[in-house]
Amino acid sequence: MDSLGLFILLLLLCFQWTAAPAAEEVTWTYTGLVGQSEWSQYFPNCGGNSQSPVDVVTTQTKYDPSLIPLTPVGYSQHGNRPFTLYNNGHTAVIELPDWMGLAGFPWLFTAVQMHLHWGSGGPSHGGSEHTINGLSADAELHVVHYNSELYANMSTAMTQKDGLAVLGILIVTGEETNPAFNNILNYLSRIRHADQKVFIPGFDIQSLLPNDLGRYYRYNGSLTTPPCYQSVIWTLFHERVQISKAQLLKMETILYSSKAEEPDRMLLQDNYRSTQPLNHRVVFASFSAESWKELSSGEVTAIVIGVMCGCVGLAVIIRFIVKTIRFFRVLHHETVVVNSSTSSWDVLPSNRPAPMPRIKEPEKAKEKKQEVALNMTPEGEKKEEPSQSPQTEP
Ligand SMILES: *[C@@H]1O[C@H](CO)[C@@H](O)[C@H](O)[C@H]1NC(C)=O
Ligand SMILES: *[C@@H]1O[C@H](CO)[C@@H](O)[C@H](O)[C@H]1NC(C)=O
């Protein structure tokens, strides 16, 4: 019995050791053996029902007028102190000073770090984590904050409900260089390998955000990387920020997920998680989708022109109706007069002038003109003759 018991105990220990390695020791990736579809085997929260990112279907969002514009606090004060930029093997992270935070929530949130997610195929080939109506952006910036009113620090807050507030900024590619992003991108070559770290000059973090902080989507979700804790109040801005194609290529091609000492270099690309089911969660919007403000200047112009054309059309129709009514009134008046004397509708046509003789006059004039024209070009007359004869011959 004793030896059997010991055997079973050893077997259990062995099983536990092999089947459930300590989650912190598992090196997760986006594809491969511990790719995103396997995350939940090692990190149970990744299989939860309030995961991030999600696809925001704008027609299914719920307008919530209590969602006031977000207020970054201290984002522009770097105090001439450098930021730490490092490659953690999954992304490029910038640590943020604790005087930066967010107002506009029921609690105070303190900034912790920000990082990026991107793709590999250049513009219009995906890279963002959140999508809007099924459409990806080229990259996405996340600014992470923890609830410093309820929790002592980031590590406690990240496991708790309402523990974190993350800002999601969708990044698209355009013609112009975005100088704010160069404050990060210019230093990526210094942290090419995982675990490398560099100090970079402090800069205005708010310059990375879109101008419009009033229009955003809000939902309850999770960290988008293991351990996927469902502790995040998400804010996804409606306005996207734009970087140049060259800037996107820098983001996509400079970093490695492998460490400097590792012989096989692995490019750090496609570090975005696919969208997760909403599972009855509601995505709230701080603005109503039907809002006029949402329309571009081109759309407004089109609507103005459309309305003007409509008004002109209506005016023409009204004028026609009024004219028609007047005509029938006159007609009615005439028939009444006629009826009183002859009691017959037949009288009416006789009132009209006979159309045939009137038309003949200008036609004769036309014919004369044509004759003159033909006389001036006698060949034309001759040419017409053969074309007429085949018609009569058979
Ligand atoms: C975070 O706060 C908790 C609770 O006060 C504490 O036990 C833990 O050591 C703190 N962690 C860090 C990294 O400061
Ligand atoms: C998030 O969850 C909390 C608590 O369950 C709830 O009060 C809040 O309304 C939710 N927020 C959103 C945006 O769904």
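This is a predicted model: local features need pLDDT of at least 70, side-chain atom pairs count only at pLDDT 80 or more; totals for chains, interfaces and linings use all residues.
Residues are numbered from 1 along each chain as its sequence is written, and chains are lettered from A and ligands numbered from 1 in the order in which they are written. Local features need pLDDT of at least 70, side-chain atom pairs count only at pLDDT 80 or more, and totals for chains, interfaces and linings use all residues; side-chain values use heavy atoms, with hydrogens and water left out.

Polar contacts were taken as pairs of N or O atoms within 3.5 Å. A side-chain N or O atom of Asn153 is 2.4 Å from an oxygen atom of ligand 1, and for Thr156 a polar side-chain atom lies 3.3 Å from a ligand 1 oxygen. Of the 360 Å² of accessible area that ligand 1 has on its own, the protein covers 29% (Shrake-Rupley method, 1.4 Å probe).

Around ligand 2 are Lys161, Arg218, Tyr219, Asn220 and Phe284. Strand β13 (residues 216–221) supplies three residues, the largest share of this shell; strands are DSSP runs of E with at least two residues, and helices are runs of H or I with at least four. Asn220 places a polar side-chain atom 2.2 Å from an oxygen atom of ligand 2. The protein covers 48% of the 360 Å² of accessible area that ligand 2 has on its own.

Arg319, Lys323, Arg326 and Arg329 form a positive surface patch (residues with over 30% relative accessible area and no salt bridge, like charges being joined within 9 Å). A salt bridge requires a side-chain nitrogen of Lys or Arg within 4 Å of a carboxyl oxygen of Asp or Glu. Lys323 is located in helix α6 (residues 297–342).

Technical notes
Patches are made of residues with over 30% relative accessible area and no salt bridge: like charges are joined within 9 Å, nonpolar side chains (Val, Leu, Ile, Met, Phe, Trp, Tyr) within 5 Å. Lys and Arg count as positive and Asp and Glu as negative; His and the chain ends are not counted. The place of a charge is taken as NZ of Lys, CZ of Arg, CG of Asp or CD of Glu. A polar contact is a pair of N or O atoms within 3.5 Å; within protein, one must be able to donate a hydrogen and the other to accept it, and residues adjacent in sequence count only if both atoms are side-chain atoms. A residue is near a molecule or strand if one of its heavy atoms lies within 4 Å of it.
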